[in-house]
Amino acid sequence: MSWYMDAIFYELYPRAFADGDGDGWGDFKGLLGRLDYLQWLGIDCIWITPFYPSPLRDDGYDVMDFTNIDPRYGALDDFQAVVDAAHARGIRVLVDLIMNHTSDRHPWFEEARSSRDNPKRDWYVWSDTDAKYGAARIIFLDTEPSNWAYDAATGQYYWHRFFSHQPDLNFDNPDVQAAMLDVVDFWLRFGIDGFRADAVPYLYEREGTNCENLPETHEYLKHVRRFVDARYPGRILLCEANQWPEDVRPYFGDGDEFHIGFHFPVMPRLYMAVRKGDRTDVIDILARTPAIPPGTQWCTFLRNHDELTLEMVTEEERQWMWQQYAPDPRMKLNLGIRRRLAPLMDNDRRKIELLNSLLFTLPGAPIIYYGDEIGMGDNIRLEDRNGVRTPMQWAADRPGAGFSTADPAQFYAPVIDDAVYGPPRVNVAAQREDPGSLLNTVRRLIAARKTTKALGRGELAFVLDPDKAVLAYTRACEGETVLALHNLGDAAIETNLPLAAYAGAEPQDLLDRARTWPPVEHEPYRAVLEPYEYVWLRLA
């Protein structure tokens, strides 16, 4: 049951995807009506971001009730209908498991802060001073001065690694550990296929450490894995740990912790490579990436619901990325950039496609962020990360873009409305009808990737052309080899690739069956790549 090794994932923000009851708010009924689109696109698994009752101060990651659905999304029966209908179409379903913290409006925390003697007090982390755990970094530097917040009613500080309205749970308390397993059990009973576990490096605190990636954290996560395996075999756990590759490696354990884990550091380096026209940063981070156990997989992405994080780069690299990709101060957020894929690439189809090719051919299971497959834009005038969470543009219809029949004044957020990225120019319906559209190109990339196991499970080997604008590599699995060629630069290049080990092979183009390529000989392999061109060749 290692379907996730080859899967194409799709991150779906339910509030933004489709409104089924006409109130301007995306919901499960709306999603149900759009599953055929995801099946047509070739998606194997959807990851649905939080839909739990929440004050939405952190877009649902501030949970008020772990075992219910915010009424604006529908009811538990609506969620069950989505899971069942997705499965009927061969699409699996992951949901978010927010383990580290709750909203300060969760009943657990309201009880905990009611008095120092309340039985729930020890479900959170309290201190008489804000000096404890001083070696832990502050994650949201632009909004939080400390990892401690003062609770005037009880005269103590509570610990929070994220926003002050998100108090951290105390995983040293066995009751908290058991409560989280109850949450896991509750949702798995609906038949979901697993969880994307949020912010797992921060579950425990220890003085004298940075309070990240602690042994106790891994011990508990292995316990969660055993619980899932024993009761719901075949379900998976996806790790969100925004860390360096060597620090993420332990989250796979010996194949007994997470099945799959995000590779955060590779993502900004793809943007570096395209802007510089130089492969070096990509090769370096993958060389730094340790091997992971058999049966586990990395998960890669170009964009997601958060800012384009620059935590796992050097300070010099961060400043460079901001200069290149966030010229307007409103484009920055915390240690990142709050823009979508298409605007980051100046809406250049060649660059957008090139990045997608890298996503689909480098190691890891790829995740597509909703709307990026059609080149949606962003709205930097909206606060926080909301600029990349606008309504999905299904059709050219004004003003609702096919997202909702409600008055747009009722929409949870405005539809993108500009001459370049507005629905008249960017929408699903028109692109489905256009064979040359970005949407149909992404669909063809997905279909081509599924013709070979090599791109899902194959070993990676770089093929170094003298020109650093050429990023070429092979992926080999079970006797099959695919060569991926990428021109990162804005000028045509004649490659000189050392492929003598494959002499005699006759390359077959996986993306253009009508295109022929010369056989591989002992001499360097020469082929002209146009600016930002990409090619996938099976070395038969």
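Reply: Let's start with who sits around it. Leaving out residues up to four places away in sequence, histidine 160 touches Glu144, Ser146, Asn147, Trp148, Ala149, Gln166, Pro167 and Asp168, where a contact means heavy atoms within 4.5 Å. A word on the source: this is a predicted model, with local features needing pLDDT of at least 70 and side-chain atom pairs counting only at pLDDT 80 or more, while totals for chains, interfaces and linings use all residues. Residues are numbered from 1 along each chain as its sequence is written, and side-chain values use heavy atoms, with hydrogens and water left out.

Histidine 160 is in the loop between strand 6 (156-159) and helix 6 (174-188); helices (H or I, at least four residues) and strands (E, at least two) are DSSP runs numbered from the N terminus. Histidine 160 counts as buried because its relative accessibility is 0% (buried is under 20% relative accessible area, exposed over 50%, partly exposed in between, with a 1.4 Å probe and protein chains only). A polar atom of its side chain lies 2.8 Å from the backbone oxygen of phenylalanine 162.

That phenylalanine leads us to the cavities. Phe162 is among the residues nearest the centre of the largest cavity, along with Phe140, Glu240, Asp306 and Arg385, and 25 residues line this cavity. Here a cavity is a set of points on a 1 Å grid over the protein atoms alone where a 1.4 Å probe fits but cannot get out, and lining residues have an atom within 4 Å of a point. The largest cavity holds about 350 Å³ of space, the volume being the space filled by probe spheres set on the points, which are joined across faces, edges and corners. Its lining has 9 nonpolar, 7 polar and 9 charged residues (Ala, Val, Leu, Ile, Met, Phe, Trp, Tyr, Cys and Pro are nonpolar, Asp, Glu, Lys and Arg charged, and the others, Gly among them, polar).

The second largest cavity is about 70 Å³, and strand 14 gives the largest share of its lining, 3 residues.

Now the core. The largest nonpolar core has 165 residues, and Tyr10, Tyr37, Met99, Trp187 and Tyr271 have the most contacts inside it. Helix 6 gives the most to this core, with 9 residues. Such a core is a set of buried Ala, Val, Leu, Ile, Met, Phe, Trp, Tyr and Cys residues joined through side-chain atoms within 4.5 Å. Another core, of 18 residues, lies apart from the largest one and includes Val463 and Leu483.

Notes
Polar contact = N/O pair within 3.5 Å; in protein donor to acceptor, adjacent residues only side chain to side chain. 1 Å grid on protein atoms, 1.4 Å probe; cavity = no way out; pocket = protein on both sides within 12 Å on 5 of 7 lines; lining within 4 Å.
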